[in-house]
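Let's take a look at this chain together, starting from the overall picture and moving down to single residues. Please keep the viewer open as you read.

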Amino acid sequence: MDRVLAELQEAARLMNAPSVNQEQRKQAESLLLKFKKSEKPYAVCKSILENSDDPYLHFLASSTLKEGVMREWALLGDTEIDQLRDYLLNYAHSHLGTHAYVLRQMLHVVALIVKRSIMSRDAAYLDTFVSNVCSLFSSPNTLNLGLEIAEALLAEFTVADKTLSSYMSYQHNIDCKRAIEGNSLYKIFISTMEVIDQLKNSPVSPHRREWLQLMSILNSVLSWDFGVILSKRLAQMSSLSLPVVNLMPSAQWAILKEEKVLALLVELHSAFSTERDIQHTTRHCIVQLGTLQGSIFNDQSERVNFLSRYIAAMVKLANGACAQPSNEEDHGIALAIRQLLWANTCQDLVNVHVGLFREFLGAVSELSVKVMLKSAKEDQDEGSTQDVVDVILDIWYTLLQMMDTLPRSPLDQCMLRVVECYVKCHLAPPTGIRDDSQDLDEVDVDTEEDDRLKFRDQLEIVGSLARINLEQTLPHYTSLLLERARVVRKVVENQEECTALYEDLHWIVLLIGYALADAPTDSDLTIPATILDYLAKQDVSVNVESTQAYIQTQLGQCADLPTQNPIIAPIFAIMELSALYQDILGKGGCHALSPQVFSSLIWALTRIMSSYHMPNERDYQFIPTSVVATFGVDSPISGWLVMFLVEKIISGLVYYSGEQSTVEDCLALLQACAKNSRVSLVLMKDDNFKKLVDRYTSGVLILPSSKANRMLSAALTVIMSHLPTNEHQHFIDRVFGSIRDSTVKMLFSPEISEVPSSPVLTQQILTALDTFHGIAAGIVNKIVDVVFNTVIPILEGSVNLLKISQHVQPITRSILELFCAIADSGILQIDKVQTHRLYETCYKVLKCYSDSAASRESLTVGVEDDRYDNILLCLELLSHLCSKDFFNFDEPDSYDETSSRLVLVGLDIIVPHIDVELLKFPKLSNEFFKLITFICEVYPEKVVGLPDNVVDQIVLMLKVGLNNYNDDITFYIFNAVSALSVHSATNPLFQKKIGQIIKHTLLLISGQELSAELYDTAADMVFSFICKCRSEYLTVVNEIVVQQEDPTSQECLRTAFSALIPATPTTTLTRRDKGKFSKIFENFAVNVYGICR
């Protein structure tokens, strides 16, 4: 033993030495890991604790003891277990000065032993142990030890942490949780409160460690999940969705609803104002106490009294936070208030005295204003204060959802104040307080994009709050916008510095857009319900004649708007600034204007017009007269508005052709117009739109990005779908005929061989491929046939192009992207003849890529990234084809007699190019294993019949994927193997291959290398294999058993494996049988834990 101890000490020294070569460190690490996995390491660990003074070795010994107990529990007797527990407790008591992290790890071993022991001991075992622990609280000399043990117990018994423990079954965890909830948990809480009461008047610094432990214990108890025990699967889902657990103890915990507990927490929160870590835990205790509910309250009045006291405490804390500069304090109080609202119903809050509730709203609004004003002075990229702003706005959004029940008057006033403050924080002085000291000399569209994405959630909430006070907010936005719009022309003419002005315009436009309309979705947008309700009560009429006169003669001159309707006026204000911009752009003022503001205007028009312009009146029970008069289908203003929007789109494409984001915003507006069939029909009659199409078809219109090209062709395709069926071919010939004919001619001519060496031809090809990619994105059912006849020659010609341009990655990627877009579109709803033609083309492009892949992979520069992109696209293509299931599988393939499915043929082609290194890319591995699983589940008999080399490659990757990737991948693999097991009963060779995966899984479970969340899926797989391939299962089991050297381990494994075999042989895999087996399998995982070597 002395030699072993010396070797470990030397290894520990090498691990912590500053100057050690890599080989020495590697050898030392290997020795230490080998020791941690050694059999019965208890004597050596005790020797280390008693004879070594190295804290690193002490921690190693404690960790090794923990792993040893977990691994060999079934091999240890009760006497050995009790002796080890008592030894660790005595050692901790006699070595109170040892390092905290060593002591903590050691006591976690004790907690683990106690937890695993209670189910086989008498009922008093746990209560006796906890009573002994609490007795340590009474002496200053043992207080720290008692608190450490209590912390370890709470951590070990918390189901949220141990629900999926690999060394205990789920039911055992639940039983342990119930056991400690009996009396022990309450005893720990009361003892902790008594110690806190004794120490609260003492100085903090001498007892800082104790205070940290006390508050940690208190937080653990208040965060305890007393709720109803869920099934294992529901518990897993619940733990992912609930960030905070509501406090729902039994009536035994009546002390929690008493005033003294809340008062004590508030008192401690103030006392620890200079101790941030302790105060943070105290704040979390206050948050948790606010979630108190359930049977602890005898009646509603008790609940209301507690809630009233808690709200009063929140008012006090919020007012205190307003007087402090601490971001952390603001954040903590805001979280407490938000959790209070989340944990209580509207009816609970209504029952609180209205005066107190009004005071509460006032305190929250004061805190909100303080936080937002502070955020305006900070760099918005820092994020600290912005996080608090996010929580503050969440509070007001939660209150907004309760408005139908809560008192409206104080809520309306506070929400208006929050909105006004938010606006103020984003505007420059003198109207606002935005800090323009940062570099705003050149604000480009990229910054604007950041604003839309970074502040999207905030703006959505502020927009919703603004709708509560429409008569105040929207007229205010309108006046702010018009005031600055009137300055723009003057600023441009005088060539003045105007960065702050443009930033103001940008933010005001965003605020109007979010206030007037909801975010675009795939379905038709409607006017927000709040705005409809307002207009239903007090709609302000619109004079169509005066409005027409205004837009024809005064729009863009910043004159008075033709209406005071609070909803229509801001829309005209947006149009006013847009017209002003267009006028200045037409006079050569592009260089003086901000593309960010123009892009914001286009975005706002897209968002607003998607809801308001030519609405489908059948979507509304009531639609305001002012909206119908201004934007309805029959309104003359609405027809003019189509022309107005087209002019803005063309202006963006012409004057900001180099600004990619601005161009894409303009095309998004066109797509929004195209989506509305009523707008589309007017659009196609507009002369400017016809000119735009002519410029596009003639090649004059140059777009700055591949995405823009695809967006435009997609929009035009959608517009075509609104035409009568007999006009589809004429439209597609007129719009896309030129590029279709020229591309087909090039693809099938000798000129195509010059593409790799000609940048001009390469760009032409890429532009054409993007165009047809966009067409595919715009496909709907009624135009499938005409689109197919247009794109199929391109697809067929692309096969030869791919072969010729195999080393030109942009072309390769674009071709594969085009095929993916076609496969993912509605074009697969074509007849059988067309389907086979497309099927054959897809096969050829995959085969062509495979043939050229070897030579591409021989290159060294950037080939890995290219290979990743291309393989991923191939897998996506196969996934789309597989999900569409368009091929008639009853007929033999016309081009490949060895396969009856394109997807299986595609796997045969692609799998040889996928290696372990490539599967390290998460997105690619996810796509690959998802595809494999789908095919194995839907067509397992065909996978079993694949060529041996393909099957071997698939099985190898399934095996590698088990422990090298994430749980999602493992989930896919288990499902795939489960399906294959069912269909391999008549194929002994295939059974052996599947058996190796089963063996690997069982070894992973034994070594705790498999997430317990996957146990149910693993159980289904093993059950399928046992039922269908029983003899092979016995072979696999025997291989595992004979590999163990210890006879005791062999016997334990034989017993555990035998328990998995159903008593009555069955070949039917019913849900009921699987459910029973899952419970048996979980116990199996516990019993074999750590046995296999």
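**Ground rules**

This is a predicted model, in which local features need pLDDT of at least 70, side-chain atom pairs count only at pLDDT 80 or more, and totals for chains, interfaces and linings use all residues. Residues are numbered from 1 along each chain as its sequence is written, and side-chain values use heavy atoms, with hydrogens and water left out.

**The chain as a whole**

You will find 51 helices and 0 strands here; both are DSSP runs numbered from the N terminus, with helices being H or I of at least four residues and strands E of at least two. Along the principal axes, the C-alpha atoms fill a box of roughly 95 × 80 × 60 Å.

Of the 1093 residues, 57% are buried. Buried stands for under 20% relative accessible area, exposed for over 50%, and partly exposed for what lies in between (1.4 Å probe, protein chains only). Contact is used for heavy atoms within 4.5 Å, and among contacts with a separation of 6 or more, 76% join residues 24 or more positions apart.

The chain exposes about 45,500 Å², with carbon and sulfur atoms supplying 51% of that area. These areas come from the Shrake-Rupley method with a 1.4 Å probe, and for residues only the protein chains shown count as cover.

**Cysteines**

With a disulfide taken as a pair of cysteine sulfur atoms within 2.5 Å, the count is 0 disulfides. C874 is in none, and its nearest cysteine sulfur, that of C820, is 7.5 Å away. C874 counts as buried because its relative accessibility is 0%. C1029 is likewise in no disulfide, the nearest cysteine sulfur being that of C1027 at 9.7 Å. C1029 is also buried, at 1% relative accessibility.

**Helix α3 and its surroundings**

Helix α3 spans residues 42-51, and its buried residues are Y42, V44, C45, S47, I48 and L49. These buried residues pack against α1 (2-16), α2 (22-36), α4 (55-72), α5 (78-94) and α6 (100-117).

| Residue | Location | Relative accessible area |
|---|---|---|
| S651 | helix α31 (residues 636-655) | 5% |
| K177 | helix α10 (residues 170-182) | 4% |
| F1025 | helix α48 (residues 1015-1028) | 0% |
| T563 | loop between α27 (544-553) and α28 (568-586) | 4% |

Leaving aside neighbours within four places in sequence, S651 is in contact with Q582, L585, F598 and Y656.

What does the side chain of K177 make a polar contact with? Its partner is the side chain of E181, at 2.4 Å. A polar contact here is a pair of N or O atoms within 3.5 Å; within protein, one must be able to donate a hydrogen and the other to accept it, and residues adjacent in sequence count only if both atoms are side-chain atoms.

T563, in its loop, is in contact with S541, V542, I568, A569 and F572, apart from neighbours within four places in sequence. T563 and V544 are 19 residues apart in sequence, with 9.8 Å between their C-alpha atoms.
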